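Let's walk through this model together, one chain at a time. Here is what we will be looking at.

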Amino acid sequence: MKSTPLTEKHLALGAKMAEFAGYNMPISYAGIKDEHHAVRNNVGVFDVSHMGEFIVKGKEAEALLQKVTSNDVSKLEIGDAQYSCLPNKEGGIVDDLLVYRLDEDQCSEGEKAFMLVVNASNIEKDWNWIQENNDFDNKMFNISDRTGLIAVQGPNATKVLQKLTEVNLAEMKYYTFTKGKVAGLDNILISATGYTGSGGFELYVQSDQLAALWDAVFDAGKEEGIAPVGLGARDTLRLEMGYCLYGNDINDTTSPIEAGLSWITKLKKGPFNSSEFFTEQKANGVNRKLVAFTMEDRRVPRHDYIIENASEEAIGVVTSGTQSPSLEIPIGMGYVPPSHSKIGSEFYVVAGKKKLKATVVKAPFYKVAKA
Amino acid sequence: MNLPEDLKYTEEHEWIKIDSENVAVLGITDFAQSELGELVYVEVETVGETLEKGAVFGTVEAVKTTSDLFMPVSGEVLEFNPELNENEGDNPTAINDDPYGKGWIVKIKVSDVAELDDLMSADAYKSIVS
């Protein structure tokens, strides 16, 4: 099992640890609910160093990314980030990812540079997939092992981090980034992104500087009561927003059109992997759709529970479910036929011997108050 | 880890204790509640039913996971702890706070008290969770 540069810190904090994607990761510290509320109402810090980072650099870097990703990379200015996915050639998803268009200070004339941030469990698969598709003039670097990443999230994230940097954080727009000095450490990539819906930043740093950055962030946030947050609350936070988790809600066999990711599937940008398949799905409709639902019962829906219609026929499957700490009700996502996908549609989730009534709702489950 | 000596334990991380003659009280262990994390709901709909050893008599829901509850011995489910019952106390975290005390889950009428002899002592249980 791999560790992150912060594993010792997590152990010292008394975190409950477990293996995730081959890494020894913190699941929770004070308890999932407390950590969840810390992010929704204050500020919390996640170690997400297990995530993978690739650099793609070259004269045809954009052409490669236009071919392998579903979103339109040509729309990115330097300093922009974009949510996207890597379609396979059968209409499924190899991975979902963030694409950053980097500064060109390391580039020769005519070159562009991008950073791809991918799921830890898919680093090798994604690398091989993009390599296979790289019939262009580009260089690729896997910098995952030397890149650390923490996410500082919540309504007080800006206030806490501003104490550590001269970069004007409040001015940074969502899904943009900049490089700057944080806590005396040079060259930190400060990204106004996250997986919680509560705002904040993700900080990419050289692995050997991550522990110093972590300590500085906790010192700066002492006054605010900043809290460490584990992967348990990361899951409840993302699910309340209706964000997909690779391996649960999307995988090699689900299409972005089925998963409600049409907004990152830009069919007009020109051909890309599976674009014809997606165009056809758009035109003719899909056989299943990912929906968000709530339950009448107190029982919690879980990944792989079967979904039935009123005639007790299996029509779908739950992909994610949890007890929502913000709403204090069970919430879930799953695939159902279009006939059962409209807001207000009802179906039944099979939990052991019980069949629990569920109602389709509009995501996100939780609406974050705008500052 | 808190493992009272006067209880019997199961591989399903439950404890049971004879209360009086053939009536026993049972719940989940300190280890189990710590692994599950904060409980959000306890469901027992088997009061009045006589169940075989190993049968599911209820379910606990934590934020992250769901776990069934199994009969440690055969018997009739007599009472569901009102502190946990959603229609009464509705306080499932009593199990997190006090798994051997106010977080007990059900009382049962044990069919054959000798079945308790097959369960583990505190020492034996300790060896499987540490």
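How many helices and strands are there in chain A? Chain A has 8 helices and 19 strands, where helices (H or I, at least four residues) and strands (E, at least two) are DSSP runs numbered from the N terminus.

A word on the ground rules: this is a predicted model, in which local features need pLDDT of at least 70, side-chain atom pairs count only at pLDDT 80 or more, and totals for chains, interfaces and linings use all residues. Residues are numbered from 1 along each chain as its sequence is written, chains are lettered from A and ligands numbered from 1 in the order in which they are written, and side-chain values use heavy atoms, with hydrogens and water left out.

Along its principal axes, the C-alpha trace of chain A spans about 65 × 50 × 40 Å. Of its 371 residues, 59% count as buried, meaning under 20% relative accessible area with a 1.4 Å probe, protein chains only. Among contacts (heavy atoms within 4.5 Å) with a separation of 6 or more in chain A, 65% join residues 24 or more positions apart.

Now turn to chain B, with its 3 helices and 9 strands. Along the sequence, they follow the pattern β-β-β-α-β-β-β-β-β-α-β-α. The C-alpha trace of chain B spans about 35 × 35 × 20 Å along its principal axes, and 50% of its 130 residues count as buried. For chain B, 60% of the contacts with a separation of 6 or more are between residues 24 or more positions apart.

Finally, the model scores ipTM 0.89 and pTM 0.95.
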